[in-house]
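Thanks for coming. Please have the structure open on your screens.

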Amino acid sequence: MDKIVIKGGKKLKGEVLISGAKNAVLPIMAAALLADGTSEIQNIPSLRDVVTMVRLLRFLGARVNHAGPTIEIQSNNHLKSIAPYNLVSTMRASVCVLGPLLGRLGYVELSLPGGCIIGSRPIDLHLKGLETLGAEITIEHGYVKARAKRGLRGADVYLGGSYGSSVLATANVMMAAVLARGTTRIESAACEPELVDLAEFLIKMGAKISGHGSHLIEIQGVDRLHGISHSIIPDRIEAGTFMVAGAMNRGSDVLVRNCVPEHSHALLDKLRQAGIIINKTKDSIRIRRNGLLRPTDVTTLPYPSFPTDLQAQMMALMAVTPGISVITEKIYPDRFIHVSELNRMGSKIFLEGSSAIVHGVKHLSGAPVMASDLRASAALVLAGLVAEGVTEVHRVYHLDRGYERIEEKLSALGASIKREKEKN
Ligand code: EPZ
């Protein structure tokens, strides 16, 4: 296993190139199963989760050629219909094969994705949506079995959940509906940019979809879909993580390139409130931190509100911002695993239900800390950038799930950061 060792206090200067979006590439790779033929997907980020999805698609019988930033996926009508526990349990996004396999084969067995450190992660909305399209669903021995003997038929599907819409449930219903007979309307659909990218991919394959990016998506079923070529959108969460990195130390000046500023409006609004100077072009954002920061309250909600995947990173910034900031987590109320580790570095953060009360401190001190959730790990790296002394972040495989060479990109910006082998 590796660890990342950071010596804090260095201001960051220069530019960083954002990679393709993890949360777009995973459902899009699953969607390629729907095509008769080969799809070529470009701008693939080098992430552990992509390798896991490649393994799953190969297990299902797709021919996958993964060469650096490009993946070719050749699908066919002889796919396996079982997604096994040993693969699905390592990555929740494996649930994305449910819709394509059911839509294409009329039958699928998927090991129930367990919970993870940020929450229980149920899939009741996924199953409700597929049942509404005519699937018969049972749960046996930890597996979901979904069958559509006479094929799926279009229907009105309401996907509203307790707090709002579900991203991957919307993805699964959309991917199941594109080959269903008739029209499907997904009401209270999620509208994250990654779902828009998925819809664009499906439309290029020959699907008839409208309304993507809004809460009402309409899909006219077609008979078949063909392989295509597509480039993944930039990762707005990686971009946001580097924007916060550029805010951590006074005197930093970071240009985040190859991003989509309109995907980051909520974060940019909070960074401006905190006193960060921001300049945007159509595909880049410049972050400058010269004065004192101001405390800023944040509440996470579905897109276009503040993303839960940037909550931990914003907390790391508020931990060194004078005053009191309140961070409320509405998507995963338990997504505060980073609080105890940040407090070990000297922050003063107190939990009150689904809110964290952050009392900004003058200094954090470097310490050995443990990575856990993907985004919590990123927050610990950000804290290490500003902490006095050395911070060692252990179990960085969590980070490698969703960040491409984060230590190299930060080092190129002037951070004193390196990856080392754990001495066992
Ligand atoms: C996607 O997960 C992202 N993952 C998550 O990013 C992200 O945090 C999440 O959306 C919210 O934005 C991918 O896209 C691969 P949800 P997803 O279904 O779709 C409840 C990261 O760090 N819910 O929107 O699984 C659920 O409990 C990851 O990159 C149900 O109740 O999230 C949670 O409270 C972490 N029933 C909320 O909805 C369901 O059937 C969000 O879940 C489904 C979800």
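The largest cavity is lined by Ala 21, Lys 22, Asn 23, Glu 194, Asp 235, Arg 236, Ile 237, Asp 309 and Arg 375. Two elements, α1 (22-31) and α8 (236-248), each give two or more residues to that lining. By class, the lining of the largest cavity holds 2 nonpolar, 1 polar and 6 charged residues. Nonpolar here means Ala, Val, Leu, Ile, Met, Phe, Trp, Tyr, Cys and Pro, charged means Asp, Glu, Lys and Arg, and the others, Gly among them, are polar.

This is a predicted model, where local features need pLDDT of at least 70 and side-chain atom pairs count only at pLDDT 80 or more, while totals for chains, interfaces and linings use all residues. Residues are numbered from 1 along each chain as its sequence is written, and side-chain values use heavy atoms, with hydrogens and water left out.

On a 1 Å grid over the protein atoms alone, a cavity is a set of points where a 1.4 Å probe fits but cannot get out; a pocket is an open set with protein on both sides within 12 Å along at least five of seven lines, and lining residues have an atom within 4 Å of a point. Points are joined across faces, edges and corners, and a volume is the space filled by probe spheres set on them. The count is 1 cavity of 30 Å³ or more, and the volume of the largest cavity is about 50 Å³.

The second largest pocket has a volume of about 340 Å³. It is lined by 16 residues, of which Arg 250, Arg 289, Val 320, Lys 362 and Val 386 are the closest to its centre.

Now the helices, which are DSSP runs (H or I, at least four residues) numbered from the N terminus. How do α1 and α7 pack? The angle between α1 and helix α7 (residues 193-205) is about 30°, and their axes are 8 Å apart. Axes are lines fitted to C-alpha atoms over the stretch in contact, with angles from 0 to 180 degrees between N-to-C directions. α1 is therefore roughly parallel to α7, a term for angles under 35 degrees. Contact (heavy atoms within 4.5 Å) involves, among others, Asn 23 and Pro 27 of α1 and Glu 194 and Phe 201 of α7.

Last, helix α10 (residues 311-318) packs with helix α11 (residues 337-344) at about 25°, their axes 10 Å apart. The contact residues of α10 and α11 comprise 5 nonpolar, 2 polar and no charged.

Conventions:
Parallel < 35°, antiparallel > 145°, perpendicular 65-115°, else oblique.
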